[in-house]
Amino acid sequence: MEANIQDDISSNIQIIQQRIAKTCERSNRNLNSVKLLLATKTVPADRIKLALQSGGHLIAENKVQELQQKYIDLQSIAHTNHFIGHLQRNKIKELLKYDVSCIQSIDQFDLAEKLNQRLALTQKQMDILIQVNTSNEDSKFGVQPEAAEMLIRKISKLEHLHIKGLMTIGLFSSSEEKVRACFRLLANLSTHIGAMEIPNVQMKELSMGMSGDLEIAIEEGATIVRVGTAVFGKRSTSDQYYWPEP
Ligand SMILES: *Cc1c(COP(=O)(O)O)cnc(C)c1O
C-alpha cells in the first residue's frame, strides 16, 4: 500500500513538473523562474513527507492549527514553509512559532501591523505577499486592486515585514479568458507597483495558478504556482472551511 501511495504522489508531482516545463517552453520562460508550491491543507503529514521525498520542497498550509499538528512529523525533512490561508489576528503569535518564511495572504493594514509588532518582540523579519482580489467576488479575500498601492505603501513602512510580491486566487470559471483576465490584472499591477520603486517593496513574486489553471498563470507570468488536488487528490473537507465568507 505504502509503495502505491508513494508512486501516486511522485508520479503526480512528475506530471505537474512536466506541465510546468511544457508551459515554460511554450511561453519562452526559464524553467527556474517558476516554483511549485504544494498546498497541503487536509493532507496528513505522512503523505506530505512522501511529496517532499519525491521532489517537492515548498509547502504551505491555510490554517495555523494544521501547521501545529504536522510540524513535528515534518521536522526531519528539509523543506520551506509558506502560509497561504486567511490569517486571524489571534493566531499570529502561534503562527510565529513555526518556521514560516513567507505569508502570502496579507490583505489588511491592521493585520500587517499586528504581525509587525509580534515580530518586533523577537527581532525577527518576515517576507510577505499581498493578496489581491482579482476576481471581484465578495467571497474571496484580498485587497481590491484599486486599493493595493495604498496598502503596499503603508505596509512598506513596517520594519519587520518585507513585501516580495503579489498573490491571488483567480476566478473559478470554465472561461479561460475570464481566468486569464484575473492573472493578467495581477501581473499588470505588479509591473505598475514595481515601477514605483517603493523602498522595502520588491515585486519579484507572482503567486497565482492552481491545479486547474497553472498553465494560464505561467503564461501570464506566475513565479509560484500553488498545487493541491493534482498532487494529493481530492479533499474531503469543503474549501468553504478554508475560504469562509470574509
Ligand atoms: C487549496 C489552495 C490551493 C490549491 O488548490 P488546488 O485546486 O487543490 O490545486 C491554492 N491556493 C490556495 C490559497 C489554496 O487554499
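## Helix 6 against helix 7

Helix 6 and helix 7 cross in a right-handed way (the near helix is turned clockwise from the far one by less than a right angle; helices are DSSP runs of H or I with at least four residues, and strands are E runs of at least two, numbered from the N terminus). This is a predicted model, so local features need pLDDT of at least 70 and side-chain atom pairs count only at pLDDT 80 or more, while totals for chains, interfaces and linings use all residues. Residues are numbered from 1 along each chain as its sequence is written, and side-chain values use heavy atoms, with hydrogens and water left out.

The axes of helix 6 (residues 145-155) and helix 7 (residues 176-194) come within 11 Å and cross at roughly 35° (lines fitted to C-alpha atoms over the stretch in contact, with angles from 0 to 180 degrees between N-to-C directions). On the helix 6 side, Pro-145, Ala-148, Glu-149 and Ile-152 meet Leu-185, Leu-189, His-192 and Ile-193 of helix 7 (contact means heavy atoms within 4.5 Å). That contact splits into 6 nonpolar, 1 polar and 1 charged residues.

## The cavity

There's 1 cavity of 30 Å³ or more here (a set of points on a 1 Å grid over the protein atoms alone where a 1.4 Å probe fits but cannot get out; lining residues have an atom within 4 Å of a point). The largest cavity comes to about 50 Å³, counted as the space filled by probe spheres set on the points.

Who lines the largest cavity? Thr-40, Ile-59, Glu-61, Leu-67, Lys-70, Tyr-71, Leu-74, His-79 and Asn-81 do. Helix 3 (64-74) and strand 2 (58-61) supply at least two lining residues each, and helix 3 gives the most, with 4.

How values were computed:
On a 1 Å grid over the protein atoms alone, a cavity is a set of points where a 1.4 Å probe fits but cannot get out, and a pocket is an open set with protein on both sides within 12 Å along at least five of seven lines; lining residues have an atom within 4 Å of a point. Ala, Val, Leu, Ile, Met, Phe, Trp, Tyr, Cys and Pro count as nonpolar, Asp, Glu, Lys and Arg as charged, and the others, Gly among them, as polar.
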